[in-house]
Amino acid sequence: MELYEGSAIRASKVRMIIFDIDGVMSDGRLHYTGDGELFKTFFTRDGLGISLAHQSGIKLAAITGRRSKIVATRCKELKFDAIYQGHLYKTTAYEKLKQDYCLADEQFAYIGDDLVDLPIMVKVGFAATVADAVSDVKKIAHFISDFNGGEGAVRQIIEFILKAQGKWQSLVQDYLDGGISAKALDNNAQ
């Protein structure tokens with residue numbers, strides 16, 4: 001995990017996390033069946049991290065360049081507040097999120113991995129990336145995960161945000177006690 005000075009302070013202000021999908025929530029590979037059907041895989045620990053962020057009151061959004069029923073299903077399953085698909089130029093969707101949720105740049109986190117993510121990453125308060133991101137993205141990120149996209153990076157980034165906000169330990173304690181967090185899994189798929 002690579003951090004830049006002030007990363008925890010930046011993360012403590014986050015009220016919404018925006019996710020790129022390919023290369024962040026998935027490993028970035030595109031798999032096609034013989035019939036041309038596209039499918040992707042997602043990591044369950046990333047899903048639990050996303051669920052914990054949602055439980056903690058953090059809003060969730062996805063902005064992705066591709067359109068996919070799989071992405072819509074996964075984001076719905078994880079109770080995302082907003083999903084923008086088919087937005088290769090992502091800034092328009094970002095500006096709409098700012099307006100719709102009345103949030104300032106410093107209240108957003110963005111997790112991206114490639115050049116199309118740079119315009120938002122330079123605006124948000126907390127920019128994070130995955131271990132296998134392109135070097136230009138790593139140069140401007142406030143947090144670089146130890147893990148590749150689709151392999152636990154999202155979870156590590158969310159844990160960092162929740163720890164910076166002082167929320168992580170109570171979530172862990174809920175699990176130890178069999179409390180709210182554990183029960184929420186019954187209603188919120190990983």
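## Spaces and helix packing

Five nonpolar residues, one polar residue and two charged residues make up the lining of the largest cavity. Please keep in mind that this model is predicted. The residues concerned are M25, F42, F43, D46, G47, I50, R74 and L78. Helix 2 supplies the largest share of this lining, with three residues. The volume of the largest cavity comes to about 30 Å³, and the structure holds one cavity of 30 Å³ or more.

Now for the open space. The largest pocket contains about 230 Å³, and 15 residues line it. Those nearest the centre of the pocket are D20, D22, D113, D114 and V116. Sorted by class, the pocket lining has nine charged, three polar and three nonpolar residues.

The two linings can be set side by side by class:

| Space | Volume | Nonpolar residues | Polar residues | Charged residues |
|---|---|---|---|---|
| Largest cavity | about 30 Å³ | five | one | two |

Let us return to helix 2, which spans residues 44–55. One of its partners is helix 7, residues 153–164, and the two pack at an angle of about 30° with 7 Å between their axes. Angles under 35 degrees count as roughly parallel, so helix 2 is roughly parallel to helix 7. The crossing of these two helices is left-handed. On the helix 2 side, the contact is made by R45, D46, L48, G49, I50, L52 and A53, while helix 7 contributes A153, V154, R155, I158 and L162. By class, this contact has eight nonpolar, one polar and three charged residues. D46 and I50 of helix 2 take part in this contact, and both also line the largest cavity.

Helix 2 also packs with helix 8, residues 168–177, at an angle of about 110° and with the axes 11 Å apart. Helix 2 and helix 8 are therefore roughly perpendicular to each other. From helix 2 the contact uses L48, L52 and Q55, and from helix 8 it uses W168, L171 and Y175. Here the classes are five nonpolar residues, one polar residue and no charged residues.

How values were computed. Residues are numbered from 1 along each chain as its sequence is written. This is a predicted model: local features need pLDDT of at least 70, side-chain atom pairs count only at pLDDT 80 or more; totals for chains, interfaces and linings use all residues. Side-chain values use heavy atoms; hydrogens and water are left out. On a 1 Å grid over the protein atoms alone, a cavity is a set of points where a 1.4 Å probe fits but cannot get out, and a pocket is an open set with protein on both sides within 12 Å along at least five of seven lines; lining residues have an atom within 4 Å of a point. Grid points are joined across faces, edges and corners, and a volume is the space filled by probe spheres set on the points. Ala, Val, Leu, Ile, Met, Phe, Trp, Tyr, Cys and Pro count as nonpolar, Asp, Glu, Lys and Arg as charged, and the others, Gly among them, as polar. Axes are lines fitted to C-alpha atoms, for helices over the stretch in contact, and angles run from 0 to 180 degrees between N-to-C directions. Helices (H or I, at least four residues) and strands (E, at least two) are DSSP runs, numbered from the N terminus. Angles under 35 degrees count as roughly parallel, over 145 as roughly antiparallel, 65 to 115 as roughly perpendicular and the rest as oblique. A crossing is left-handed if the near helix is turned anticlockwise from the far one by less than a right angle, and right-handed if clockwise. Contact means heavy atoms within 4.5 Å.
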